[in-house]
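Hi everyone, thanks for coming. Have a look at what's on the screen, and I'll walk you through a few places in it.

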There are 2 protein chains.
Amino acid sequence: MTTATEARLAMRGGEWTGMTTFKLPGWVQCNLVVLPKVDAYDFLVFCQRNPKACPVIEVTDPGNPEPRFSAPGADLRTDLARYAVYRKGVLTEEVEDIKPLWQEDSVAFLIGSSLTFDFALERAGVPMSQVRVLDTTIPTIPAGKFSGPLVVTVRLMTPAHAIIATQLTARFPFNHGAPIHIGDPGAIGVDLQRPLSGVPVTSVPPELVPVFWACGVTPQRVAMISKIDFMITHVSGYAFITDLKADQFCTP
Amino acid sequence: MTTATEARLAMRGGEWTGMTTFKLPGWVQCNLVVLPKVDAYDFLVFCQRNPKACPVIEVTDPGNPEPRFSAPGADLRTDLARYAVYRKGVLTEEVEDIKPLWQEDSVAFLIGSSLTFDFALERAGVPMSQVRVLDTTIPTIPAGKFSGPLVVTVRLMTPAHAIIATQLTARFPFNHGAPIHIGDPGAIGVDLQRPLSGVPVTSVPPELVPVFWACGVTPQRVAMISKIDFMITHVSGYAFITDLKADQFCTP
């Protein structure tokens with residue numbers, strides 16, 4: 001399995017059903033949000049106002065499931081391994097195909113994922129560490145009906161690696177960019193023992209520091225808090241793999 | 001005249017009627033686009049697809065002329081020195097106040113301006129040079145009814161300065177970022193003798209090279225080409241001055 005196209009076709013065919021975390025080094029991975037056109041404007045303004053959580057890489061034309069710019073020929077209804085469906089703010093099902101749910105006015109948003117920079121961190125000598133997804137008490141800036149708390153990922157690393165990681169991830173503004181916080185989880189309302197996904201952290205080893213990045217799971221929390229009528233997303237860790245090369249999509 | 005607020009109030013009061021080019025060093029300057037809500041979604045997608053020409057710094061809530069995030073307390077109907085009004089693709093008037101034209105569903109977009117980085121260039125030893133605005137034959141990526149050619153600015157400088165300017169302006173992704181072209185104007189369909197604004201260049205001195213940046217006048221060309229029903233913009237060179245500091249709004 002070497003190219004983004006092959007990975008997507010394997011997901012389409014049902015041969016790939018697992019996560020994309022630490023898979024397909026070098027390609028930009030994306031979070032997915034699908035909304036009816038009627039909610040698309042407010043959501044796009046929400047993304048503009050919260051670019052660290054929701055850096056928009058592509059917006060599809062209404063009804064067209066092909067991301068023409070970031071992955072020509074792909075089909076966003078089938079080319080992710082796992083989707084989550086939210087109705088009036090409630091997660092009602094997880095599915096492997098959203099063709100039956102796709103509407104003629106559906107708009108898909110691809111939002112950069114921090115999975116993209118995990119390989120860049122490894123290349124820079126920052127060891128791969130388990131990624132947890134966590135709620136914070138930091139509010140996002142609302143837009144229309146969309147509001148709710150910022151969701152973050154946390155990675156535990158040494159202070160020296162935290163400094164490298166801060167510099168390096170700042171080069172990936174379309175994949176959440178630099179951290180939003182380093183150190184005390186309580187300062188941003190995070191409880192490391194209660195992740196939204198990933199294994200709880202019972203205690204942080206004294207030689208490590210928690211480093212927090214804004215996370216593309218934020219729209220899923222916002223859908224729940226704001227009781228959005230109908231929204232489809234990826235499942236955390238099951239990202240869409242674009243044809244964009246991570247190294248061509250970062251700043252100097 | 002030292003602060004952004006003072007500058008805006010002077011424009012509001014009619015004491016400041018001139019251009020903002022090379023004025024108010026240090027503050028982020030913005031291009032303005034005002035559209036009825038019905039056209040706002042297509043335009044925001046257009047900006048997402050053409051981020052070098054249209055880096056969005058703020059989208060106001062419908063009907064509210066205050067840019068709450070980039071200049072709290074400002075009024076976008078009065079706080080620019082000069083506005084252009086386009087009706088069905090035709091520039092019908094230039095005015096100093098758009099209060100009579102503002103609708104209850106008007107949405108304002110603030111788009112970063114390259115005027116922001118002119119002082120950074122000067123600080124880096126790149127002499128201030130006259131800025132021209134020019135049409136190209138490079139198409140933008142359309143969105144809905146919005147399509148048309150990319151508009152650029154050109155600055156003439158030595159090759160050594162062009163290298164410095166490329167590195168430096170890449171740090172300002174929300175103010176058009178790095179150049180889109182260096183050298184032969186013909187390669188991007190530019191005629192230096194026919195600028196949209198600024199003095200024609202009859203010949204480029206042999207020691208200088210033209211350096212081209214994507215320009216926030218692009219939406220005005222797009223309004224004309226696409227015959228947009230009703231759109232208000234700033235007049236080229238008469239930008240909106242935000243409270244954002246340029247040095248806090250750039251990458252490492």
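Let's get one term out of the way: a polar contact is a pair of N or O atoms within 3.5 Å, and within protein one must be able to donate a hydrogen and the other to accept it, while residues adjacent in sequence count only if both atoms are side-chain atoms. Two quick notes on where this comes from. This is a predicted model, where local features need pLDDT of at least 70 and side-chain atom pairs count only at pLDDT 80 or more, though totals for chains, interfaces and linings use all residues. Residues are numbered from 1 along each chain as its sequence is written, chains are lettered from A and ligands numbered from 1 in the order in which they are written, and side-chain values use heavy atoms, leaving out hydrogens and water.

Okay, so where does that first term come in? The side chain of Arg49(A) makes a polar contact with the side chain of Asp61(B), at 3.0 Å. That pair is also a salt bridge, N to O at 3.0 Å; the term means a side-chain nitrogen of Lys or Arg within 4 Å of a carboxyl oxygen of Asp or Glu. Arg49(A) sits in helix α2 of chain A, residues 37-49. By helices I mean DSSP runs of H or I, at least four residues, and strands are runs of E, at least two, all numbered from the N terminus.

Is Arg49(A) buried or exposed? Buried, with a relative accessible area of 7%. The cut-offs are under 20% for buried and over 50% for exposed, with partly exposed in between, using a 1.4 Å probe and protein chains only. If we skip its neighbours within four places in sequence, Arg49(A) is in contact with residues of both chains, including Ile141(A), Val59(B) and Phe69(B). Contact here means heavy atoms within 4.5 Å.

Let's zoom out to the whole interface. How many residues of chain B are in contact with chain A? It's 20 residues of chain B with 20 residues of chain A. The area buried between them is about 1,700 Å², and carbon and sulfur atoms give 62% of that. Buried area is the accessible area, with a 1.4 Å probe, that two parts lose on being put together, summed over both. In chain B, Tyr41(B), Gln48(B) and Arg49(B) lose the most area to chain A, together 40% of what that side buries.

Between the two chains there are 2 salt bridges, plus 8 residue pairs in polar contact, both residues at pLDDT 80 or more. On the chain B side, α2 (37-49), β2 (56-59) and β5 (106-112) each give two or more residues. The largest share, 7 residues, comes from α2(B).

One residue in α2 of chain B is Val45(B). At 5% relative accessibility, Val45(B) is buried. Leaving aside neighbours within four places in sequence, Val45(B) is in contact with Leu44(A), Val59(A) and Ala143(B).

Last stop, chain A's helix α1, residues 4-12. Its buried residues are Ala4(A), Ala7(A), Arg8(A), Ala10(A) and Met11(A). Seen down the axis of α1(A), they fall within an arc of 160°, so they line one face of the helix. That arc is taken from the directions from the helix axis to the C-beta atoms. What covers them includes β1 (27-36) and β11 (240-245) of chain A.
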